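Please keep the viewer open while you read.

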Amino acid sequence: MKRPGFIIAVLFLSNLLLALPAKADFREIVRSIEQKGRVQHTWIPFFWLGRMVVHMHAIEGVSDIQLATFEKSEISSIDLDSIVRANSKERWQPIIVARSNRDHEQTYIYSREERGQMQLLIVARDGEDTTVMQLRVAPERFLATIRNPGESSERFAF
Amino acid sequence: MRKLRGVISNSILAVALIVSVPLVASAQPSRLILDFPDLSGKASETVDVALDGSMLRLAAGFLSSKDADEVRIRELVRDLKGIYVKNYSFDKEGQYDPADVQRVRAQLTGTWQKIVNVKSRNRAGTSEDVEIYLQNVNGRIEGMTIIASEPKELTLVNIVGPIDLQKLSALEGQFGIPEGLSGDAPRKDGSQ
């Protein structure tokens with residue numbers, strides 16, 4: 001007797017277990033921003049469902065996504081780069097940093113390889129809003145990111 | 001970022017002369033300091049690209065072995081120790097001082113030699129100044145620095161590691177490096 005719900009649950013849990021080290025880093029970074037900024041990240045309804053869809057279909061070369069947003073927060077004075085560096089067990093390498101004094105935007109794109117897979121960490125601040133996003137990406141997506149850094153920083157500027 | 005048409009192709013002779021006179025290797029660093037916080041503070045926008053050797057080799061491994069262009073990029077990139085690009089954009093002319101650029105030039109001493117200095121003006125009348133420096137260590141090119149300055153934009157490129165100038169055009173428009181170094185690509189603004 002087939003139990004699709006059980007199979008989906010096993011698939012999802014195995015994905016979570018595989019992603020545990022990366023997830024731990026992501027949580028630490030988000031938690032640190034919350035502590036330093038005295039804010040809570042915004043809860044996104046059914047995000048877990050979207051994450052599962054991304055995992056199953058690898059949309060645009062992205063096979064896993066974690067996302068935390070902070071809206072209208074007073075964390076503009078926090079050094080996001082130092083938070084990432086201080087809260088990562090495995091080193092994230094900053095590859096692209098874009099700042100706009102005109103629009104008060106900052107975008108940091110970090111990269112690292114984990115078990116043969118590329119991961120990107122994007123930390124972007126736009127005025128009062130801050131977004132932290134971690135992606136597991138296909139090699140083609142990673143290549144596209146570093147081959148066109150200007151375009152990538154604009155694409156990830158939320 | 002403006003294109004830098006024809007700069008390298010017109011400079012092969014200069015490069016050959018430089019390489020033919022090997023310099024004694026010194027502790028001159030190939031990697032330069034391109035980050036100037038005071039300049040970042042004045043700029044309306046800055047883009048900073050930092051790809052070290054391990055990241056470049058990783059990227060090279062993902063490049064196609066069937067596409068001729070990607071094969072050239074892979075061959076050029078696999079021995080590099082890093083590509084570092086800093087682009088400053090300003091809202092108004094005169095927001096950065098020529099002395100700011102001097103802080104980069106001051107690092108280009110010893111084994112570094114200027115091979116190209118092109119001053120041009122496009123159809124819109126905007127001046128563009130491009131300087132290219134090579135680091136010659138015992139007859140080998142071990143680094144390249146490009147300073148491209150316009151009234152409202154300053155781009156600094158620092159390529160660290162052995163460079164095959166014949167293949168350099170493969171890197172145009174890649175990893176934040178300006179287009180038009182080899183002179184093959186037409187300028188978007190139509191100027192020569």
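In helix α4 (residues 68-77) of chain B, four residues are buried: B:I73, B:R74, B:L76 and B:V77. Because they cover an arc of only 165° around the axis, they sit on the same side of α4(B); the arc is that of the directions from the helix axis to the C-beta atoms. The cover over the buried residues of α4(B) includes α3 (53-62) of chain B.

A word on those terms. A residue counts as buried if 20 or more other C-beta atoms lie within 10 Å of its own, as exposed if 12 or fewer do, and as partly exposed in between, with C-beta atoms placed from the backbone. Helices (H or I, at least four residues) and strands (E, at least two) are DSSP runs, numbered from the N terminus.

This is a predicted model, in which local features need pLDDT of at least 70 and side-chain atom pairs count only at pLDDT 80 or more, while totals for chains, interfaces and linings use all residues. Residues are numbered from 1 along each chain as its sequence is written, and chains are lettered from A and ligands numbered from 1 in the order in which they are written.

**Confidence and make-up of chain A**

The predictor's confidence in each residue, pLDDT, runs from 0 to 100. Chain A averages 80, and 80% of the residues score at least 70. A contact here is a pair of residues whose C-beta atoms, placed from the backbone, lie within 7 Å.

Chain A holds six helices and five strands, and from the N terminus on its elements run α-α-α-β-α-β-β-β-β-α-α. Of the 158 residues in chain A, 32% are buried. Residues 24 or more positions apart account for 65% of the contacts in chain A with a separation of 6 or more.

**One sheet across two chains**

Which strands make up the open sheet, and in what order? Eleven strands form it, in the order β1(A)-β5(A)-β4(A)-β3(A)-β2(A)-β1(B)-β2(B)-β6(B)-β5(B)-β4(B)-β3(B), with antiparallel pairing. Two strands pair if DSSP finds at least two bridges between them. At the edges are β1 (62-70) of chain A and β3 (112-121) of chain B, each pairing on one side only.

| Strands | Bridges | Facing residues |
|---|---|---|
| β2(A) and β1(B) | five bridges | A:I96 and B:V49 |
| β1(A) and β5(A) | eight bridges | A:I65 and A:L135 |
| β4(A) and β5(A) | nine bridges | A:R125 and A:T130 |
| β4(B) and β5(B) | nine bridges | B:D129 and B:S149 |

Strand β5 (residues 129-137) of chain A is largely enclosed by the rest of the structure, because seven of its nine residues are buried. β4(A) and β5(A) form a hairpin with two residues between them, and A:G127 in the turn has a positive phi of about 65°.

**Where the chains meet**

The contact takes 20 residues from chain A and 18 residues from chain B. On the side of chain A, β2 (93-100), β3 (105-114), α5 (139-147) and α6 (149-155) each supply at least two residues. The largest share, eight residues, comes from β2(A).

Most residues other than glycine have a negative phi. A:R38, although not a glycine, has a positive phi of about 50°. A:R38 is found in the loop between α2 (20-37) and α3 (47-57) of chain A and is exposed, with 10 other C-beta atoms within 10 Å. In chain B, the phi of B:N138 is positive too, near 50°. B:N138 lies in the loop between β4 and β5 of chain B and counts as exposed, with 10 C-beta neighbours inside 10 Å.

A:R155 and A:T145 are ten residues apart in sequence and 9.6 Å apart in space, C-alpha to C-alpha.

Technical notes:
Contact = placed C-beta atoms within 7 Å.
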